[in-house]
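Please look over the model below before reading the points.

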Amino acid sequence: MIRLRSVHKEYDGRKVLRDLDLQVDAGEFVFVTGPSGAGKTTLLRLLYAAERPTSGEVWVGGERVDGISRARLPALRRRIGVIFQDFKLLRRKTVLENITFVLRFHGVAPREAHRRAYLVLKRLGLHHRQSALPDALSGGEQQRVAIARALAYQPRLILADEPTGNLDADLAGELLSLLCDINYQGATVVLATHDNGLLESIPARAIVLHGGGINYDGVWPP
Amino acid sequence: MIRHALAEGWLLLRHRGLVSLFLALALAIPIGLAGVTFSVMRWLEPAVGTADRANVVAVLLHPHMGDDQRATWLEGQRREHPEWRLEVVAPEQLARRLGHWFPYLKDLLERDGGAMLPPLVEITTSDPESVAVLERSPAVIAVGPRTPLRSLLGRVSRGLGLALGAASAVLLISAALLAAVWVHLELYRHADEITIMRLVGATESAIRGPFLVATVAPGLVAGGLALLGTTAVLDGLSRLAEVVGLPALTVSPAVLAAQAGAGLVLPLGAAAVTLMRHAAVGEE
């Protein structure tokens, strides 16, 4: 599903990722962890082609994405569900519209988009806030909307960047359980977090980044 | 995607109703002015055309003259005035040239449809006033205008046409730029949303669609206003012209179609170029 070969990434001469080799198979659940500035977010951004590596190859779903053309980019991103650290919700749209809006890009008919959006909101316990604007929601609720949006179109790969950063322990546990469910259904999940509690709550593969390189790659806890 | 573009475009319009109306007016004025200028210039074409022919005088001969009589008359004039160059206007050009020289004969031109038009002779001479002598000839119905005023009118008409044409062009370019700036500002205002849309897999056409819809709507309004304005102005000018016995100005369907097209194409083109430029630099 994911393969990185000798990936380097620099910002203004500052090396963020160095000589990264990595493979994630389809259906895996992988934590990416490490201290702040270790390169977790950069790694995820390389995967959904929001960044290009300084050198090296990035493959996602059998497609090389490090030099992907602008024309191919939407198709790639429609195969990936990304849960952003800062939610990236549309402020002028309601909770429900934030989800249906994305489903429409995936060619889902309006009525079906509405149905799917409602179901996924119900699953996340947010159906009663479907008409609210994002600014009227708490941080945790906004995060759940962002998750709902990523799950609504049932992508085969989910990239989550610090998805529990704004959630309390109970909600974080629920989210993890939800991502596990989705993983059991066959989706590959890559979850970047620096929350050790979350990391230790389920036995899964963890990739520990440090100084831009892989410090540990194996089942966590070791 | 069309429904998405329409729905989102409508939202953009609703939030920027006044600006959209201003854009429509800014487009309608130059488009209307261009249409009026073009129509008036077509109407003034005879005056402009004759301004370059200040040394040509048109002479209208009696319609019942036979070919032999006419040939004899022409021969006589050539003999009598060797400095004149006489040319009989060919039948296929007769109606048009008569309209040029004698616009007040429009009723005759329209009524008979050219079937019974009198022969027309154009005399080229360095002294147009000398042709006035023909007014006394029984073979001649009328001698066309030959005063310096005609030349002046022609030059003024041409100058006016050029000035209005240039003003229309400048205003049209300004209006297109205004549309482009409007789209640019809207893109800036929605920069976060556009970034999010790109991140969740929206295609460029899905991103551009609403902006194009929001630009087309003022363009359509502008085209409609320009059509109405042009028709009203030309109607007013026609009434004035008829009061002084000149032919009415006509509104050509081609001009109206061009105005409607300009209302659509100008803002759409400006928006499309702005959106393409934005797509090229706007990723992330």
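The numbered points below take the helices, then the strands.

1. The model is predicted: local features need pLDDT of at least 70, side-chain atom pairs count only at pLDDT 80 or more, and totals for chains, interfaces and linings use all residues. Residues are numbered from 1 along each chain as its sequence is written, with chains lettered from A and ligands numbered from 1 in the order in which they are written.

2. In chain B, helix H1 (residues 2–15) packs on helix H8 (residues 204–243) at an angle of about 55°, and their axes are 7 Å apart. Helices (H or I, at least four residues) and strands (E, at least two) are DSSP runs, numbered from the N terminus. Axes are lines fitted to C-alpha atoms, for helices over the stretch in contact, and angles run from 0 to 180 degrees between N-to-C directions.

3. H1(B) and H8(B) are therefore oblique to each other. Oblique covers what is left after angles under 35 degrees (roughly parallel), over 145 (roughly antiparallel) and 65 to 115 (roughly perpendicular).

4. Chain B has an open sheet of four strands in the order E2-E3-E1-E4, with antiparallel pairing. Two strands pair if DSSP finds at least two bridges between them. Strands E2 (85–88) and E4 (140–143) of chain B are the edge strands, each pairing on one side only. From one strand to the next, the twist averages 25°.

5. Strand E1 (residues 56–61) of chain B runs antiparallel to strand E3 (residues 120–124) of chain B, and five bridges join them. Opposite Ala58(B) stands Glu122(B) in E3(B).
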